[in-house]
Amino acid sequence: ETDDTFKSNRNIYSIKIDSSVKSIGKNSFYYCSSLSRVSISSSVVSIGDHSFYGCSSLTQVAIPSSVTSIDKYAFCGCSSLIRISIPSSVTSIGNFVFEKCASIREITIPSSVTSLGGFVFSGCSSLRQVTIPTSIKVINKFSFSGCSSLTQISIPSSVISIGEHAFERCSKLSEVEIPNSVTSIGNYAFAECVQLSQISIPSTVTSIGRDAIPSSTQMIKLE
């Protein structure tokens, strides 16, 4: 692992990370804005923070099944990234990992993931489909804020808390079912979800934050 290896090098177009590498260090390819292709060896177990931050030409990444953690901001601002597959070896996805990846259309989070950071998909404006596994207990703050192409979301029955601003500005979100495992919904959780016509709140929810549900949304409280 070497931090800052190719930081801000705009003359790299493709990279092959070989089998001697166990960890991609922080800032390794930070703002390598010409980097369009990357091949990651199956020797790699962790992708460090800010490692591919701002790699705006990167279109797809295959994460090998050796990787267990993707650290904060790892792919933040990879605005051309269309496709990324997360293997079932990954247990932790940090804060801001895919923030502003404005070209990603769908993503499946494997059931191996138990920790999903805040702001993780914030600003993923093309994201239409996301699968949240039953291994997730908390949807952290700003997790899906600004996912303006997301039309529906399935919240698994493992989730106990929906963080503040979690789905704020998901302007095409038309239906949400809150499972009866949920006990709290944070401030502004569904704020500015202008197409959300109604939401069913189970009796297990004991705390609803400030302006969590748009005033135009019919809130149905289930007994």
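Student: How many bridges join strand 15 to strand 17?

Tutor: Heads-up: this is a predicted model, so to speak of local features we need pLDDT of at least 70, and side-chain atom pairs count only at pLDDT 80 or more, while totals for chains, interfaces and linings use all residues. Residues are numbered from 1 along each chain as its sequence is written, and side-chain values use heavy atoms, with hydrogens and water left out. Strands are DSSP runs of E, at least two residues, numbered from the N terminus, and two of them pair if DSSP finds at least two bridges between them. Strand 15 and strand 17 run parallel, and the number of bridges joining them is 2.

Student: What is the bridge partner of Ser200 in strand 19?

Tutor: Strand 17 also runs parallel to strand 19 (residues 218-221), with 4 bridges joining them. On the strand 17 side, Ser200 is the bridge partner of Glu177. Over in strand 19, the partner of Ser200 is Ile220.

Student: Which elements give two or more residues to the lining of the largest pocket?

Tutor: A pocket here is an open set of points on a 1 Å grid over the protein atoms alone, where a 1.4 Å probe fits, with protein on both sides within 12 Å along at least five of seven lines; lining residues have an atom within 4 Å of a point. The largest pocket is lined by 13 residues, and among those nearest its centre are Ile153, Glu175 and Glu177. The elements giving two or more residues are strand 13, strand 15 and strand 17 (198-201).

Student: What is the volume of the largest pocket?

Tutor: Volume means the space filled by probe spheres set on the points, which are joined across faces, edges and corners. For the largest pocket, that comes to about 220 Å³.

Student: How many aromatic pairs are there?

Tutor: Rings of Phe, Tyr and Trp (its six-membered ring) pair if their centres lie within 6.5 Å; planes under 30 degrees apart count as stacked, over 60 as edge-to-face and the rest as tilted. By that rule, the count is 15.

Student: Are Phe75 and Phe98 buried or exposed?

Tutor: Their rings are stacked, 5.8 Å centre to centre with 5° between the planes. The two residues are 23 residues apart, Phe75 in the loop between strand 6 (69-70) and strand 7 (83-85), Phe98 in the loop between strand 8 (92-93) and strand 9 (106-108). With buried meaning under 20% relative accessible area, exposed over 50% and partly exposed in between (1.4 Å probe, protein chains only), Phe75 and Phe98 are buried.
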